[in-house]
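Subject: Structure handover and notes

Hello,

Please find the structure below, with my notes after it. Could you read them with the structure open?

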Amino acid sequence: KERIRVEPTQEQIEIAESALELTDNPSQAYQLARQVSDGFIYDEDKTPSYIENNPKLSVVSDLLDYYHTDNGGTGKLIIFADYTASIDRLVEHCNEASPSWSVGRIDGRGLFPNNTLDLFDSQRNFCLVCHPGSVHGLDFSGSDCIVYYSNSTNPDHRVQSIERCEN
């Protein structure tokens with residue numbers, strides 16, 4: 001298993017430091033740091049503000065290229081993300097950066113498109129972006145690559161997502 005570590009940009013470090021100065025609550029500070037790591041920060045209205053030049057998105061683009069069927073991959077990629085804002089941004093990014101890939105998502109809002117599971121099984125070059133807690137009982141063992149864009153704070157979600165993807 002290969003692990004890729006993506007270093008934060010200077011902009012992310014500065015945003016995180018500024019955000020952490022706003023709170024004395026360790027739990028809130030932890031959540032703010034996780035948000036910045038994912039390339040956004042929620043404002044007081046729970047609207048995400050995205051950070052430009054997120055290095056994680058560059059790695060996702062590279063993985064989509066690498067695992068494309070034209071390059072010898074099976075064209076199956078699963079990306080797990082813990083925040084709705086991260087899932088939304090990943091779906092948007094994958095659609096823009098790699099139009100030859102189809103993108104589906106599974107999260108607390110349901111499946112989109114509705115036939116996402118059938119498409120994952122049957123379509124070439126399909127990227128599935130999902131919350132690790134939303135895949136209970138599903139089988140994604142045909143994937144080339146599993147990416148944990150962000151980790152869930154619930155260890156059961158991590159274990160469950162790993163079990164869904166084992167061959």
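**Salt bridges**

Counting a salt bridge as a side-chain nitrogen of Lys or Arg within 4 Å of a carboxyl oxygen of Asp or Glu, the total comes to seven. The model is a predicted one: local features need pLDDT of at least 70, side-chain atom pairs count only at pLDDT 80 or more, and totals for chains, interfaces and linings use all residues. Residues are numbered from 1 along each chain as its sequence is written, and side-chain values use heavy atoms, with hydrogens and water left out.

As background, side chains of opposite charge can pair when their charged atoms come close.

One of the salt bridges joins the side chains of arginine 34 and aspartate 82, at 2.7 Å from N to O. This pair connects distant parts of the chain, 48 residues apart: arginine 34 is in helix H2, and aspartate 82 is in the loop between strand E3 (76-80) and helix H4 (84-97). Helices (H or I, at least four residues) and strands (E, at least two) are DSSP runs, numbered from the N terminus. Both arginine 34 and aspartate 82 are buried; the terms used here are buried for under 20% relative accessible area, exposed for over 50%, and partly exposed in between (1.4 Å probe, protein chains only).

Helix H2 covers residues 26-38. Arginine 34 counts as buried because its relative accessible area is 11%. Leaving out residues up to four places away in sequence, arginine 34 touches Asp82, Tyr83, Asn151, Ser152 and Thr153, where contact means heavy atoms within 4.5 Å.

A salt bridge also forms between the side chains of lysine 56 and aspartate 38, at 3.2 Å from N to O. Here too the pair links distant parts of the chain, with lysine 56 in helix H3 and aspartate 38 in helix H2, 18 residues apart. Lysine 56 and aspartate 38 are both buried.

Aspartate 107 forms a salt bridge with arginine 105, their closest N and O atoms being 3.4 Å apart. Both aspartate 107 and arginine 105 are buried. Salt bridges with shared partners join Asp88, Arg105, Asp107 and Arg109 into one network.

**The loop between E2 and H3**

Glutamate 52 lies in the loop between strand E2 (48-50) and helix H3 (55-66). Asparagine 53 and asparagine 54 are found in that loop as well.

Which of these residues are buried and which exposed? Glutamate 52 is exposed, since its relative accessible area is 55%. Asparagine 53 is exposed, at 65%, whereas asparagine 54 is buried, at 6%.

Asparagine 54 touches Gln12, Asp38, Gly39 and Tyr149, not counting residues up to four places away in sequence. Its C-alpha atom is separated by 8.9 Å from that of phenylalanine 40, 14 residues apart along the chain.

On the surface, Glu52 gathers with Glu11, Glu14, Glu17 and Glu21 in a patch of negative charge. Patches are made of residues with over 30% relative accessible area and no salt bridge, with like charges joined within 9 Å and nonpolar side chains (Val, Leu, Ile, Met, Phe, Trp, Tyr) within 5 Å.

**Positive phi values**

Most residues other than glycine have a negative phi. Asparagine 53 has a positive phi, near 55 degrees. Asparagine 125 likewise has a positive phi, near 55 degrees. Asparagine 125 is found in the loop between helix H5 (116-122) and strand E6 (126-130), and it is buried, with a relative accessible area of 7%.

Glycine 73 is in the loop between H3 and E3 and is buried, with a relative accessible area of 16%. Apart from its neighbours within four places in sequence, glycine 73 is in contact with Tyr67, His68 and Asp144.

Cysteine 94 is in helix H4 and is buried, with a relative accessible area of 0%. Not counting residues up to four places away in sequence, cysteine 94 touches Val60, Leu64, Ile79, Pro99, Val103 and Cys127. The C-alpha atoms of cysteine 94 and cysteine 127, 33 residues apart along the chain, are separated by 8.0 Å.

Regards

Key. Areas by Shrake-Rupley, 256 points an atom, 1.4 Å probe, with all protein chains shown as cover. Lys, Arg positive; Asp, Glu negative; His and termini not counted. Charge placed at Lys NZ, Arg CZ, Asp CG, Glu CD.
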